[in-house]
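Please examine the sequence and the structure before working through each solution.

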Amino acid sequence: MKIIIVGCGRVGLTLAEKLNNDGNEVTVVDLSPAKVTEITNKVDVMGVVGNGAKQSTLREAGIESAQLFIAVTNSDELNLLCCMIAKKEGNCQTIARVKNPEYSADAPYLKEQLGLAMVINPQYAAAEEISRVLRFPSALKVEPFARGRVNLIKFKVPKHCKLVGSSVREIIAKLKVDVLVCSVERGEKAFIAKGDFVFEEKDIVSIIGTPKQANEFFGKIDYKGDVIHNAIIVGAGAITHYLCGILDRSGIKLTVIERDLALCESFSNDWKKVNVIHGDGLNKELLLEEGVENVDAFVSLLPHDEDNILLSLFCKDISACKLVTKIGRTDYDQVLSKLDLEAVICPKNITSDMILRFVRATQNSEGSNIERLYNIIQDKVEAAEFIIKENSPICNVPLSDLKFKENVLVASITRGKEVMIPRGSSMIKQGDTVIVITANLALHDITDVLQKD
């Protein structure tokens, strides 16, 4: 697919890398020659320096033959304008990043009136992910699949946990809980968990199951996170705004600390139930005064990664609370993993995953449509959700008779309201929702999991 990306910031770079790795023909556009050069030197893509809202710039980028146009500059208004002009100049689908909370209610209207394929709000998506982690405190991450009937849950194996020293096969047989262990992250290594895989302390494990099954699993391994009754959030930006809305009826008492007085006043008017504190969230004395030592959860959503990391490490040192840390850069993943920051939220990765899913779904798929895509272990293991069509060659054949590629795991089959953890005798049928875990990245169709004759 020929794709044009306007905006060469962090999101633009991430998209260029992932879409190029998927085999797409990508052109990036930005006013800054330095930013364009940075991406084209790092990724095998074309670059155009210019204003993405100008007809001449878009023609130079090849808008006439483009199939997808993505606008991810820092300006919502510019993104929408770029998409409007791209629709006029070419015959392509358009995606705009719109992150200002003022536009959130108008997103469906903008999508319809401007003919957009997608309106992406990474801040809202990040807020949703944070809310899931706060509602399921045992987890580092919670990702819903099959319209919320199935959850992919990531957690760290603690010291003295029942999992340590046991294999996947032994644990499932002993606990008699119908969940499936998908993957394990151990240091810099990633594994698709097979039956003989033996757990170690500090492994980061991903499981799939219904919410009820997951709760039973954590109960039987004596891994119980305390229910979160209150939380401190540092930073009153867009993510915090959306998070307060999502958690409005959750019963979680929220305290928001913000240094900008005007923003505090605006926030207080918008969210009457939230305790808004005007002050510097980096001030240790203020945090202690607000009871950070005894809080159930601490969420750091400041603009700078180093501030968020510093705050989380401070809270980890003095409190046993649930930590959630926003990170904008992921090029230091190895360093971050050693800091043990618990739940790390990266809006740019959420955005790129949403667009990747859309790109793969729009490409020709004979046997299925990809519905959801999630990087379990960034750039190493991913989960893909497919809706199976009637002519799929994977239908009506026992899974044990199918020849799967290495490092592929069929993790879940949802049929109507029934959720099944697959066994060798299980068969996939038309209309099923199937979740596949794979280390073979860039799946486009369910048949990509099979060995080629």
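**Exercise 1.** At roughly what angle do the axes of helix α1 (residues 10-21) and helix α14 (residues 347-362) cross?

*Solution.* The structure is a predicted model. The axes of α1 and α14 come within 9 Å and cross at roughly 40°. Angles under 35 degrees count as roughly parallel and those from 65 to 115 as roughly perpendicular; α1 is therefore oblique to α14. The crossing of the two helices, α1 and α14, is right-handed. On the α1 side, the contact is made by Arg10, Val11, Thr14, Leu15, Lys18 and Leu19. The residues of α14 in this contact include Lys348, Asp353, Ile355 and Leu356. Sorted by class, the contact of α1 with α14 has six nonpolar, four polar and four charged residues.

**Exercise 2.** Determine how helix α6 (residues 122-135) meets helix α9 (residues 238-246).

*Solution.* The axes of α6 and α9 come within 8 Å, crossing at roughly 50°. This angle makes α6 oblique to α9. The crossing of α6 with α9 is right-handed. Residues of α6, among them Tyr124, Ala127 and Ile130, meet Ala238, Ile239, Tyr242, Leu243 and Ile246 of α9. By class, nine nonpolar, two polar and two charged residues form the contact of α6 with α9.

**Exercise 3.** Describe the pairing of strand β9 (residues 180-186) with strand β10 (residues 189-192).

*Solution.* The strands β9 and β10 run antiparallel and are joined by four bridges. Glutamate 185 has alanine 190, in β10, as its bridge partner. Two residues lie between β9 and β10, which form a hairpin. In the turn, glycine 187 has a positive phi of about 65°.

Notes: Residues are numbered from 1 along each chain as its sequence is written. This is a predicted model: local features need pLDDT of at least 70, side-chain atom pairs count only at pLDDT 80 or more; totals for chains, interfaces and linings use all residues. Side-chain values use heavy atoms; hydrogens and water are left out. Two strands pair if DSSP finds at least two bridges between them. Axes are lines fitted to C-alpha atoms, for helices over the stretch in contact, and angles run from 0 to 180 degrees between N-to-C directions. Angles under 35 degrees count as roughly parallel, over 145 as roughly antiparallel, 65 to 115 as roughly perpendicular and the rest as oblique. A crossing is left-handed if the near helix is turned anticlockwise from the far one by less than a right angle, and right-handed if clockwise. Contact means heavy atoms within 4.5 Å. Ala, Val, Leu, Ile, Met, Phe, Trp, Tyr, Cys and Pro count as nonpolar, Asp, Glu, Lys and Arg as charged, and the others, Gly among them, as polar.
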